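Look over the sequence and the fold before reading on.

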Amino acid sequence: MSELNELIMEQLHWFVVGMIVIILTLWVTVIAQGAKVRKMRRKYDAMMSGSGVEDLETLLLNLKIQMDAIEEEQGNNRSHLDTISQTLKGVKSKTGIVRYNAFGERGNDLSFSIAILSEKGDGLVLTGLYNRESSFVYAKPLKNGESQHSLSPEEKEAIHLALQEG
């Protein structure tokens, strides 16, 4: 047993030196980690100041709720825009007009044909025929740029001009 005690005594100073090195290493690590924690705490406090929230979890939950509300509103806006887009396709926005002399050498270019069409080609064509004694106005409905009534060349030209309009 005395031999064991002598062996321990001979190696004890190396053991103590090793423990001191380990303790110093751990002490430096604790100081460095403490500095990092303080730095993170300052950043956290700066981030949370003025937000009116006590902790980060509540802040994140509030942001998630706001994000969900924004996404819902965006979906509503998207569907509303789709509805408006479909409605605009039915608006009569394309026009074409042709003026001409309907009765040859008797009169001026006072006769006309106006085509008023939507994006789909639905709408109407108005034709006014004028001479010295009388005038007549005709309206013909259009579906996809075609009418169930016969169309004059001038009316067809007005429809063609309206459909070409960008």
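Is Asp122 buried or exposed? Asp122 counts as buried, at 14% relative accessibility. Buried means under 20% relative accessible area, exposed over 50%, and partly exposed in between (1.4 Å probe, protein chains only).

## Basis of the model

This is a predicted model: local features need pLDDT of at least 70, side-chain atom pairs count only at pLDDT 80 or more, and totals for chains, interfaces and linings use all residues. Residues are numbered from 1 along each chain as its sequence is written, and side-chain values use heavy atoms, leaving out hydrogens and water.

The whole structure holds four salt bridges. A salt bridge here is a side-chain nitrogen of Lys or Arg within 4 Å of a carboxyl oxygen of Asp or Glu. One of them joins Lys143 to Asp122, at 3.8 Å from N to O. Lys143 sits in the loop between β4 (135–142) and α3 (153–164), and Asp122 in the loop between β2 (111–117) and β3 (123–130), so the pair ties together parts 21 residues apart in sequence. Helices (H or I, at least four residues) and strands (E, at least two) are DSSP runs, numbered from the N terminus.

Lys143 is exposed, with a relative accessible area of 56%. Asp122 is buried at 14%.

## Bridges within helices

Lys64 pairs with Asp68, and their closest N and O atoms are 2.9 Å apart. Both lie in helix α2 (residues 56–89), four residues apart, so about one helical turn separates them. Lys64 is partly exposed at 48% relative accessible area. Asp68 is also partly exposed, at 33%.

Helix α1 (residues 2–48) holds another pair, Asp45 and Arg41. Their side chains meet in a salt bridge at 3.7 Å, N to O. The two are four residues apart, about one turn of the helix. Asp45 is partly exposed, with a relative accessible area of 38%.

## Ser113 in strand β2

Ser113 lies in strand β2. Its relative accessibility is 0%, so Ser113 counts as buried. Which side chain does the side chain of Ser113 meet in a polar contact? The partner is Thr127, at 3.2 Å. A polar contact is a pair of N or O atoms within 3.5 Å; within protein, one must be able to donate a hydrogen and the other to accept it, and residues adjacent in sequence count only if both atoms are side-chain atoms.

Leaving aside neighbours within four places in sequence, Ser113 is in contact (heavy atoms within 4.5 Å) with Gly96, Ile97, Val98, Tyr100, Leu126, Thr127, Glu154, Glu155 and Ala158.
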